[in-house]
Amino acid sequence: MTTELVLLLGIYAFLLLGAFLGDLGPIETFKKSAPRLGARVERNISVGDGFRKSANDNQAVVWLKPEGRQ
């Protein structure tokens with residue numbers, strides 16, 4: 001029950017902040033920054049930036065060409 005109360009209070013506070021702050025609120029900030037974040041994630045996935053074998057290993061993942069038709 002405590003979890004539900006915390007979640008409801010969080011949502012309530014989020015909505016009130018959005019109503020009081022208007023363009024500076026959390027919803028407007030997310031609307032402005034979400035496309036940029038999505039573009040960065042898509043670029044990093046397409047070029048393979050930052051992929052490592054493990055968190056402690058600095059060796060990058062090696063991409064192999066798949067076998068099959070050319």
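Modeller: Happy to! Let me start with a term: a nonpolar patch joins nonpolar side chains within 5 Å, from residues with over 30% relative accessible area and no salt bridge. Keep in mind that this is a predicted model.

Biologist: Which residues form a nonpolar patch on the surface?

Modeller: Tyr12, Leu16, Leu17, Phe20, Leu21 and Leu24 do, with about 690 Å² of accessible area together. One of them, Leu24, lies in the loop between H1 and helix H2 (26-47).

Biologist: Why is Leu24 called exposed?

Modeller: Leu24 has a relative accessible area of 71%, and exposed means over 50%, so Leu24 is exposed.

Biologist: What makes H1 hardly covered?

Modeller: Buried means under 20% relative accessible area, and among the 20 residues of H1 the count of buried residues is 1. For the chain, buried residues make up 4% of its 70 residues.

Biologist: How do you know that the span of H1 is close to the expected one?

Modeller: Helix H1, residues 2-21, reaches 28 Å from its first C-alpha to its last.

Biologist: What follows H1?

Modeller: Gly22 does, and its phi is positive, near 60°.

Notes. Residues numbered from 1 in each chain as written. Predicted model: local features only at pLDDT ≥ 70, side-chain atom pairs only at ≥ 80, totals over all residues. Heavy atoms only, no water. Helix = DSSP H or I, 4+ residues; strand = E, 2+ residues; numbered from the N terminus. Expected span 1.5 Å × (residues − 1). Buried < 20%, exposed > 50% of the residue type's maximum accessible area, 1.4 Å probe, protein only. Patch = residues over 30% accessible without salt bridge, like charges linked within 9 Å, V, L, I, M, F, W, Y side chains within 5 Å. Areas by Shrake-Rupley, 256 points an atom, 1.4 Å probe, with all protein chains shown as cover. Salt bridge = Lys/Arg side-chain N within 4 Å of Asp/Glu carboxyl O.
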